[in-house]
Each structure stands twice: as structure tokens, then as C-alpha cells.
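Please look over the sequence and the structure shown below before reading on.

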Amino acid sequence: MPTFQNSDIEAYHKDGFVFERGIFSPEEIGLLGETARNDHAMDKAASKMDDGEGNDVRLSLWNHPGNGIYGMIARSERVVNRIEQLLEDEAYHYHSKMILKDAKVGGAWAWHQDYGYWYQNGLLFPNLCSVMIAVDEATEENGCLQVLKGSHKMGRINHILSGDQAGADKEQVEEAKKKLELVQCTMSAGDALFFHPNTLHCSAANLSDKSRWALICCYNAKSNNPYKESHHPSYTKLDKVTDDQVLIVGRDEAIRSNAEFANLVEDDKSAKSLENN
Ligand SMILES: O=C(O)CCC(=O)C(=O)O
């Protein structure tokens with residue numbers, strides 16, 4: 001079964017991210033894109049978050065992976081085994097989200113660390129990992145993810161609310177940009193980027209005429225079970241599925257869009273809790 005090579009794992013720990021190109025085939029990622037674009041429940045559940053610069057970022061989020069194609073991807077051995085190599089622990093699903101960065105109107109994401117949000121949720125250690133899977137091609141023009149290489153080694157830095165987003169302390173980001181390489185994470189549909197929760201990342205608004213949708217699945221280590229309840233789950237055993245399930249479920253129109261979307265506006269306190277800091 002394909003997993004990360006030692007050199008990939010070393011790169012992740014050194015840089016705070018590692019790519020796995022073509023982890024999903026064109027048919028698999030095509031089925032994911034088709035499911036998402038026809039998924040009225042997901043569209044309805046999508047929340048808009050003000051990016052503080054006049055645009056909105058739109059995303060749908062769910063806590064449990066479910067049995068649809070989203071769940072088959074998040075639970076697939078090819079993803080979860082790699083996550084477990086990086087976490088050096090059993091992984092459980094913390095949440096997944098579809099970032100709906102639409103052509104012309106998709107907003108920007110301010111520089112932040114995911115742990116800047118998740119730290120509020122009773123997680124003592126930054127032993128989490130996310131995988132961003134490109135549903136559409138991601139280019140500089142349509143606002144691909146940007147990361148600061150090695151920034152995870154800075155530890156968690158202060159975050160303050162900017163629009164509806166938690167933004168990392170701007171002075172520290174500016175200084176970090178002088179020392180660390182900024183990487184434009186251009187991706188083809190089906191590519192994956194695994195990244196550390198303290199990796200500083202952002203993305204520009206999508207002013208192009210091509211949408212940039214992406215699925216981001218986030219995992220926590222079993223040993224990092226949160227000490228208090230939050231809007232994201234505590235340890236819940238993740239049932240891995242064999243890699244062939246992505247196509248089997250994706251080709252079945254009756255079940256492929258199964259997901260229980262969370263109400264981000266009501267439930268998400270990660271960024272909002274910074275209001276009182
Ligand atoms: O999709 C993007 O451009 C950024 C998303 C992101 O940073 C996040 O969900 O934490």
C-alpha cells in the first residue's frame with residue numbers, strides 16, 4: 001500500500017508541509033467535483049465569512065466524515081495512513097471542509113495558523129494535520145494556497161480577529177516573510193498538500209474566471225484528545241476504508257453526497273472567541 005517515503009516525512013517535519021501529487025485520479029476527483037457542484041445541501045449549508053477586504057470566503061464544514069464520497073476520501077487508507085505517519089499516532093477525523101472559492105468573487109484568507117483557531121478548543125498540543133485536496137486546478141491567478149516554509153517551527157503565534165477570520169499577528173508575519181521562503185502551492189486537480197497546524201498560510205482573492213474549490217480534511221492525534229468540549233469532536237474512532245471505495249461510492253448517485261453539514265455561523269467559536277482576547 002503506498003505511503004510516505006522517509007524523505008517525505010523528513011520534508012514535512014523540516015518545512016511544515018509536503019505534497020503528494022496525483023493522490024486522486026482524474027476520475028475520482030472529477031466525481032468529487034461533480035458531487036460537490038450538484039450538492040444543494042452543501043451549497044445551502046455554506047457559510048460566508050467576511051475576509052476583511054471586501055470579499056467573502058465561502059465554505060461548508062462537517063465534523064464526521066460520513067459515508068458519501070467526502071467521507072470515502074477522508075477515510076481512505078491512502079490519506080489516513082499518511083496522516084498517521086506524520087502524527088506518529090492513530091488519527092481521528094477532526095472535521096472536513098469544502099472551500100468554495102468561486103471565480104471573480106472568492107475572498108482571501110488572511111495569514112494564519114490553523115492552531116491559532118484550534119488552540120481555543122482544548123487541544124494541548126499542535127499534533128494535528130490537514131490535507132488540502134485540489135478539486136480544481138489551483139494557480140496564483142485563482143488564489144492558490146501560500147505557505148511560509150518552516151514557519152511551523154515558530155510555534156503558535158498570536159491571532160486576532162480580522163473580519164470573520166482569525167489573522168496571525170501582522171508584525172510577526174512580516175518579519176517571518178523576511179526570513180522564510182514563501183511557497184505558492186500551485187496544484188493540479190487530485191493533488192494533495194499535507195500541512196502542519198502551525199504552518200503559516202494564506203491565499204489571495206480569486207479575481208480570475210476559474211473557480212478554485214478544494215477539500216480540506218483535518219485530523220487530530222488520539223493522544224491529543226481535547227480536555228474540554230468544543231464544536232469539533234473529541235476522539236471518535238475513524239473507520240478507514242479501502243482506496244477503491246472512492247470510485248465505488250462516487251459512481252453511486254444515490255449515496256455519494258451523504259454528509260452532515262455543521263452550522264458554522266452558530267457553532268464555530270474558534271475565531272469568534274478571539275473577540276474577547
Ligand atoms: O482555501 C484556502 O485558500 C485557505 C483555507 C484555509 O486556510 C483554512 O481553511 O484554514
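The model is a predicted one, in which local features need pLDDT of at least 70 and side-chain atom pairs count only at pLDDT 80 or more, while totals for chains, interfaces and linings use all residues. Residue numbers start from 1 along each chain as its sequence is written.

Glu88 sits in the loop between helix 5 (77-87) and strand 4 (91-101); helices (H or I, at least four residues) and strands (E, at least two) are DSSP runs numbered from the N terminus. Lys104 belongs to the loop between strand 4 and strand 5 (109-112). Lys104 counts as partly exposed because it has 13 C-beta neighbours inside 10 Å. Both residues have a positive phi and are not glycine.

| Residue | Phi | C-beta neighbours inside 10 Å |
|---|---|---|
| Lys104 | near 70 degrees | 13 |

## The chain as a whole

The protein chain contains nine helices and 13 strands. Its C-alpha atoms fill a box of roughly 50 × 40 × 35 Å along the principal axes. A compact globule of 277 residues would have a radius of gyration near 19 Å, and the 17 Å of the protein chain agrees with this; the radius is taken over C-alpha atoms, and the globule rule is 2.2 Å times the number of residues to the power 0.38. Of the 277 residues, 48% are buried.

## The nonpolar core

The largest nonpolar core has 73 residues, and those with the most contacts inside it are Ile73, Ile133, Val135, Phe194, Ala214 and Leu215. Strand 13 gives the most to this core, with eight residues. Such a core is a set of buried Ala, Val, Leu, Ile, Met, Phe, Trp, Tyr and Cys residues joined through C-beta atoms within 7 Å. Apart from neighbours within four places in sequence, Ile73 is in contact (C-beta atoms, placed from the backbone, within 7 Å) with Leu32, Val79, Ile133, Leu215 and Val246.

## Around the ligand

Ile99, Trp109, Asp114, Leu145, His201, Ser203, Ala214 and Ile216 surround the ligand, each with its backbone-placed C-beta atom within 6 Å of it. Strand 12 (201-203) and strand 13 (212-221) each supply at least two residues of this shell.

Notes
Buried ≥ 20, exposed ≤ 12 C-beta atoms within 10 Å, placed from the backbone. Contact = placed C-beta atoms within 7 Å.
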